[in-house]
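Please open the model in your viewer and keep the sequence panel beside it, as this tour moves from one selection to the next.

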Amino acid sequence: MRRTPEEIAKMRRAGRVVAEMHARTREAIRPGVTTAELDKVAREVLERRGARSNFLGYHGFPAVICTSPNDMIVHGIPGDHRLEEGDIISVDCGAIVEGYHGDAAYTAPVGGVREEARRLMEVTEVSLQAAIEAMVDGNRISDIGHAVQTVAEGAGFSVVREYVGHAIGTAMHEEPQVPNYGPPGRGPRLRPGLVLAVEPMVNAGSPGTRLLADGWSVVTADGSLSAHFEHSIAVGEDGPEVLTLP
Ligand code: MG
Ligand code: MG
């Protein structure tokens, strides 16, 4: 679906709220803080901006952010888990403004982290940047995932297959899906007005995943570290526009 300039303006406003949730939760990340405290910080941003949560109540999800430490890939539930020096933590945030959705995620260090963890976060963020650069008029959906895979595997890491990005608009998850892997030149053409949430999940070890007994938390099958970066991005006449920025 192609969004009008008026719709994209609303998504930009939702995206700014998400960016503020990122900024405030990032400031709160330190050894000793619990993931529930990060959720509280994010809730305060939503309340202050008069925005609604697209995560809270989604298939029964109980929080406004997902918090996924270390070998957890995505969908971790905030709670009394306490962050420790040397951890990495993925924080996924979303907001609805005037019926339009924003969705973005980052992974951050807790204090000082090992070199492998630092490099994993850096490569995952660079893979997202490469994906954004592939979001130009006339390219195809699979060019995005191909860009992610090229960067991530080129650095010796692996790309998660079971969870993917998605179009976004009046719902958080719209069609088409956006895999983070695959050959270039396949799938629907990218046209101005298409808005996608692109979200590489990159593992330090093998790409396999495992769902924990809580029914939400997804971890790496081999226990290796995982990082997750996401932005909501519009294909524009003059190139891609990242909507989830301050
Ligand atoms: Mg997300
Ligand atoms: Mg998403």
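With which side chain does the side chain of His166 make a polar contact? Select His166 and you will find that its partner is the side chain of Glu199, at 3.0 Å, where a polar contact is a pair of N or O atoms within 3.5 Å, one able to donate a hydrogen and the other to accept it, with residues adjacent in sequence counted only if both atoms are side-chain atoms.

This is a predicted model, in which local features need pLDDT of at least 70 and side-chain atom pairs pLDDT 80 or more, while totals for chains, interfaces and linings use all residues. Residues are numbered from 1 along each chain, chains are lettered from A and ligands numbered from 1 as written, and side-chain values use heavy atoms, without hydrogens and water.

Staying on His166, note that the residue is buried, with a relative accessible area of 4% (buried means under 20%, exposed over 50%, partly exposed in between, with a 1.4 Å probe and protein chains only).

Next, select the magnesium ion (ligand 2), which is coordinated by Asp103, His166, Glu199 and Glu230 at 2.1 to 2.2 Å; donors are N, O and S atoms within 2.8 Å of the metal (3.2 Å for Na, K and Ca), and sites may look incomplete because water is not among the atoms. Asp103 also bridges to the magnesium ion (ligand 1), the two ions lying 3.2 Å apart.

Finally, move to Arg2, which is exposed, with a relative accessible area of 52%, and whose C-alpha is 20 Å from that of Glu199. The backbone oxygen of Pro192 lies 2.8 Å from a polar atom of the Arg2 side chain.
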